[in-house]
Amino acid sequence: MYDLLKIFKECANVDIIINKDDFDRLSNRESYVRDLSENSTNNKLQTYYRINTIIAESDQFNIRKGVAGNSFIIIDDKLYQFAPNPLNEPTLGIIKDGKPYMIFEMDDSQNSFKNVFEQFWENAIDCKEDIIKMYKQAIPLKSPEEIYKFSISKIFQNKTTDDINEERLVKTGFKSSVVWNKLFNFQKDAVLGAIDKIERYNGCIIADSVGLGKTFEALAIIKYYELRNDRVLVLAPKKLRDNWVTYRLNDKRNILVQDRLNFDVLNHTDLSRESGLSGDINLEMVNWGNYDLIVIDESHNFRNNNPSKKRISRYEKLMRDVIQSGVRTKVLLLSATPVNTRLNDLKNQLSFITESNDQALINEGISSIELTLRQAQTKFNNWVKQANPTREDLINKLDGDYFKLLDLFTISRSRKHIEKYYDVADIGKFPTRLKPISVYSDFDKENKDFSISYLNDYLESLNLKFYSPMFFVFEHKRKAYAELYDTETKTGAVFSQLDREESIITLMRVNLLKRLESSIHSFCLTLEKILHTIDSLDQKIKNHKEFSNDIDVLDFDFDDQAYSDMVLGGKVKVLIQDMDLVKFNEFLKSDREIIIELLAKCKVVTTERDQKLVDLVGLIQNKIQNPLNPNNKKVIIFSAFADTVNYLYENCADLFLKEYGIHSALVTGSGTNYTNLKEVKTDLQNILINFSPISKSRKEVFPEATKEIDLLFCTDCISEGQNLQDCDYLVNYDIHWNPVRIIQRFGRIDRIGSQNDQIQLVNFYPHIELDQYIDLIQRVKGRMQILDISATGDDNVIDDRENQPKELDYRKKQLEKMKDSVVDLEDLDGGISISDLTFNDFKVDADRIKDTELKTFENYPSGLFSLVINNIVDQPQGVLFCLKDLDENNFEDKLKNNLIHPYSLVYITNDGEINVPMRMGKRALDLFKKLSYGKITIEEEQLKAFNLKTKSGKFMNQYVDLLDLVKKHLSGEEKIVELQSIFNPEGSIIGKSSGDFNYEVISYLIVS
């Protein structure tokens, strides 16, 4: 229309009839403002000016809708017929597209055609107002938020979770269930997304960060499938078993009791058992192949498969007997850390979903899951070796295949995601994390020289060879024992028993050092146990009997109790007569002397002289007297060792009850739990519900209860899967070497919906510099050989000595960082979080676009744009372009480099520099959202400046030049795809592309 306005001015009268059927079909209306045949005109970015001009000069023509027949134009006494072609810029010759168009000229001096037209005109209905309204709707200048929504609706069309039938959810009663109505909005989004993935791809990994309620999300999914009469199995670590069992019991403590959940619960370790009871389930009678859905809690425990010729691993049992047998089994995996420092960790977890079908995603453009993961791991390894690796660099290096794999199977949201994109009024707030307190305690109040370095010198002098009976076997007997005990994997690698025992000795040294760092009390108990072991071995050697002849160990029954006095060892046994007992006794004697001396030195440190215990008591007293939050006296004290926790409870519980009237509890996961709140039973659930009554909904279960437990001494048996956010103060009495565990522990109180405004983490450290401590660890570990079974199924016996400095340096950096702030798992240096790699944030936004908005978008032209003030520090001014590739060739290869293909997002500065390239789609979306979201108007001064500069959009040369540079950039990326494809095992794709890089401008955001 715009191109004809000049000619219209020369005409006395212009009447236009539009075919009524075409006009009334809503799906065709967008062709009036968006015609891909006119793409080259649209790429001049003048749509804003052109539409405004048409509206302003609309008095030059009249438009009606009616029966018009074929396309034709009558000018005076001539008729020009365009049929069968439409009337547009190419057929008018305005755009040269290289195609021939026939226009038939006919004489109408008798006005025959004109009379027919006038008859059509008389019967037609005026629709000029409707057309002008459509053009007004199609003015491409929109608010920043509107073009963001418009763009993501295109990019993520058909990729959202809308396919879950709402009617089905309501009819089954799912949305009336108790568990569904207890979920926050972000949890409901995860549940619906997971169900969608399970239905489409047979499984899903929920990888939400610590503290976001993965257990409740899983319970909702279980309820959905139970309503479909599916049989469900939950596999959980033993220490988390009670968390799950509670929700299926007819028990007052079960806040979901009305949902009558009826799933089975087994431990991970039950996969290694053939018989016996697990709870009320007889393992011998379990019909493993009859489960429709299996939920695996802490699924990262299955990231490795240790294949052996002699036994079936838990992984193999689960795959063979549950996943691949019987009915088709859907899989839901739960893990906050399915990926941390190994991208390949996903392989075995995904294999449960795909039933080890490497080509399960071939219809999604991923020809090999294993190859995709292997290539991603290679790029990750190269990235880690860089001097200062950044996540941005890694994301830029990874292929689109890996992103797509994660996108198909995972749901992963971080705390930042929730705070950013969900209504805080609905979900409650996260508490403010105060800077961690670091406490450096001596062992002995009266002897400052009695340090961890001093004691470690004694530890290093211990040989501990009695943990390696194979070391003492006579040389001529070693071959037979090697044949009996060495492990050969299915791929042929051999891990010798002697090397395994050396590793056990190393682990014992490490354990001694860790127990020393934990508490002198625990250290002494361990030394006493070792001394008892030495004395028992010494006695056994003195009293042993020998066979009169040589015994073939390959035929000997080591488990026969009749021969117990003749053998040494636990699972791995050797005949005493096959050992060099002189050497064995020398080593025993040496260790015995050192341990007796060590015990004598440590025993002088009584509870009164125990500086670390004194420091802990002072911390708790100060917290009680100066609460962080009003009237909150609660403290959780974590230790890795039950001995330490028992020691602390024995020396603190009565003290704080007498001085402050505060009740304490002890939870260790093994042995007996205790509490001095007499009316409370000592099972785990009762203790925790009375320690954190608000988060555990005690009022609904025990409405008459008024007293609470305020001090909780515990091991890592409750470091996962527990909501204890009534508490605001958490102490790590011994520092865990793995920062992930520290974050998991803190996640018990750092949770959504906390009643506390602020929370505190306290870490106890040995009274030496962290560098010195790391050096101690390195010296203790020495040379350690391990059997490395990678997630790809490759196995190798490696010398871990080369990797230790790197690993320990990595741990040191993480621990140093955590001295200054509590970080999220996804913020740990050197690791990577799934939430860094997926588009979940933007899919949620796309899901939330209303149907009315989507219908409005149908009438929008190509080339929507907006103006926005830059609100991002260090982000240069420029333009963010969203383009669509109209060339359908090489789709899969292009997807490897750009996960949102056929769409591309590129940010170019005003100087013409590509600031965010096509490969970094997620970063571009992050920018897009941050610049646009919530901005529903354009700044008036900014619009004035734009109109003045461009003459209201008529002169867009600057932006057209930037668009051309973006196209050249994309063209360059296309060439990279072609070069990479030379090495494609399926053959080169060179020659398949047309060479004409044709792009449609979907939108652009001018940032100033």
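Good morning. I begin with Ser-278, which lies in strand β10, residues 277-278; strands (E, at least two residues) and helices (H or I, at least four) are DSSP runs, numbered from the N terminus. This is a predicted model, in which local features need pLDDT of at least 70 and side-chain atom pairs count only at pLDDT 80 or more, while totals for chains, interfaces and linings use all residues. Residues are numbered from 1 along each chain as its sequence is written, and side-chain values use heavy atoms, with hydrogens and water left out.

Ser-278 counts as buried because its relative accessibility is 2%; buried means under 20% relative accessible area, exposed over 50%, and partly exposed in between, with a 1.4 Å probe and protein chains only. The side chain of Ser-278 makes a polar contact with the side chain of Asp-270 at 2.5 Å. A polar contact is a pair of N or O atoms within 3.5 Å; within protein, one must be able to donate a hydrogen and the other to accept it, and residues adjacent in sequence count only if both atoms are side-chain atoms. Leaving aside residues up to four places away in sequence, Ser-278 touches several residues, among them Arg-241, Leu-266 and Leu-283, where contact means heavy atoms within 4.5 Å.

I turn to Tyr-907, in strand β31, residues 903-909. Tyr-907 is buried, with a relative accessible area of 0%. Its side chain reaches the backbone oxygen of Pro-876 at 2.6 Å. Beyond residues up to four places away in sequence, the residues that Tyr-907 touches include Gln-875, Val-916, Leu-927 and Val-1007. The C-alpha atoms of Tyr-907 and Leu-962, 55 residues apart along the chain, are separated by 9.9 Å.

Next, the helix pairs. The axes of α5 (residues 47-56) and α8 (residues 128-137) come within 10 Å and cross at roughly 155°; axes are lines fitted to C-alpha atoms, for helices over the stretch in contact, and angles run from 0 to 180 degrees between N-to-C directions. Helices α5 and α8 are therefore roughly antiparallel, the term for angles over 145 degrees, whereas those under 35 count as roughly parallel, 65 to 115 as roughly perpendicular and the rest as oblique. The contact is made by Ile-51, Ile-54 and Ile-55 of α5 and Ile-132, Tyr-135 and Lys-136 of α8.

How do α15 and α16 run relative to each other, parallel or antiparallel? The axes of α15 (residues 314-323) and α16 (residues 346-354) come within 10 Å and cross at roughly 10°, and the two helices are therefore roughly parallel.
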